[in-house]
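Subject: Structure for your files

Hello,

Here is the structure I said I would pass on. My notes on it follow below the display.

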Amino acid sequence: MIRRILLAIPLVLGLSVVSGEAVMAKEVPVLGKVERLDPAFDKLVEPGAAIELLAEKKFEWSEGPIWDAPNRRVLFSDIPRNMIWEWSESGGLNKFLQPSGYTGSEPFTGREPGSNGLTFNKAGELVMCQHGDRRIAKLSGGKFVTLADKYQGKRLNSPNDLVFKSNGDLYFTDPPYGLPKQADDPGKELGFQGVYRLNARGELTLLTRELSRPNGLAFSPDEQTLYVANSDPTRAIVMAYPVKSDGTLGAGKVFFDATKAAQEKKPGLPDGMKVSRDGTLWATGPGGVLVYSPAGKHLGTLATGVPTANLAFGDDGSTLYITADKNLVRLRTKVKGW
């Protein structure tokens, strides 16, 4: 549901005065609503805050947002269109990169050729999960450079989301969504869907193969826990894995289970996620963005009303940018992203 709110925006011309400051009311379109389930949610999101619609029905399927701090913009994937968009307060919406995930010469026969999850390395280079090319690559000097595309000599499925640990190790998930026929694709070389770690030496380690559709992932602020979403409607869960001193994972446990909500046909599945500095987990799932305390208590939901893929903190760290189906939206928060 799209509705509109009035925000007071400081202006230089066309002034009115409220509390001694020059402001003008601006009508802002809003997507969905904010649902508060616990009083602790008020410490995270200001009462009355709304999900602002920045770009409406502009994309085929928006994914993988990342804040580009030096350029004051958010970058995000449009997977079916095989491209990356940029949005900024000053410049609005513009195309950033195409192709983004499939660079082959033959027509791509599947639905999702483009890039998915995006991040930056310590050198400031854009690192991406490329569905069509079935690899992790970075954009360096205007060219794609492969970081990982095989495990034990077999091609990866279609890397989906990724996150750097502070030591430079890259963790990523590898479900089959980018393959033309997904799990039944004849080109699928691995008999499982994995979660991997790529270290600075380029060594690829399989961390777990127990999830049917591993998707979004995020570290806790102390990096002692790795959260991994499983976007399977029959087991729509987020797992919490202890991170060992060598960077591998211990036995995981279910952090939250959204299977019932998925079976009730609430829009979306466990997908992308981010963690704020206080340890709160902001995870897309059935109904929108589900907000959980570090102990796993459901505090509230950003109920977008549409399947919602991913999110990223931007600006000064207290703006949550969300890719919600064909839309880009944002929410102001009282906490900052980690």
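Arg 72 has a relative accessible area of 48%, which lies between the 20% and 50% cut-offs, so Arg 72 is partly exposed. Its place is the loop between strand S6 (62–68) and strand S7 (73–78). Although Arg 72 is not a glycine, its phi is positive, at about 50 degrees. Please keep in mind that this is a predicted model.

Lys 265 also has a positive phi without being a glycine, in this case near 70 degrees. The loop that holds Lys 265 runs between helix H1 (259–263) and strand S24 (273–275). With a relative accessible area of 71%, Lys 265 is exposed.

A further backbone feature is the cis peptide bond between Gln 98 and Pro 99, with omega at about 0 degrees. Pro 99 sits in the loop between S9 and strand S10 (115–120).

Strand S9 (residues 92–97) contains Leu 93. Leu 93 counts as partly exposed because its relative accessibility is 27%. Apart from neighbours within four places in sequence, Leu 93 contacts Ala 55, Lys 58, Phe 59, Phe 76, Trp 85, Glu 86 and Trp 87. Pro 107 is 14 residues from Leu 93 along the chain, and their C-alpha atoms are 27 Å apart.

Beyond four places in sequence, Leu 44 touches Asp 278, Thr 280, Trp 282, Val 291, Leu 299, Thr 333, Lys 334 and Val 335. In soluble globular proteins, nonpolar side chains tend to be buried together.

For the protein as a whole, the secondary structure amounts to one helix and 30 strands. The radius of gyration is 20 Å, which agrees with the value near 20 Å for a compact globule of 338 residues. Along the principal axes, the C-alpha atoms fill a box of roughly 65 × 45 × 40 Å. Of the 338 residues, 56% count as buried. Among contacts with a separation of 6 or more, 47% involve residues 24 or more positions apart.

Regards

Terms used
Residues are numbered from 1 along each chain as its sequence is written. This is a predicted model: local features need pLDDT of at least 70, side-chain atom pairs count only at pLDDT 80 or more; totals for chains, interfaces and linings use all residues. Side-chain values use heavy atoms; hydrogens and water are left out. Contact means heavy atoms within 4.5 Å. Helices (H or I, at least four residues) and strands (E, at least two) are DSSP runs, numbered from the N terminus. The radius of gyration is taken over C-alpha atoms; the globule rule is 2.2 Å times the number of residues to the power 0.38. Buried means under 20% relative accessible area, exposed over 50%, partly exposed in between (1.4 Å probe, protein chains only).
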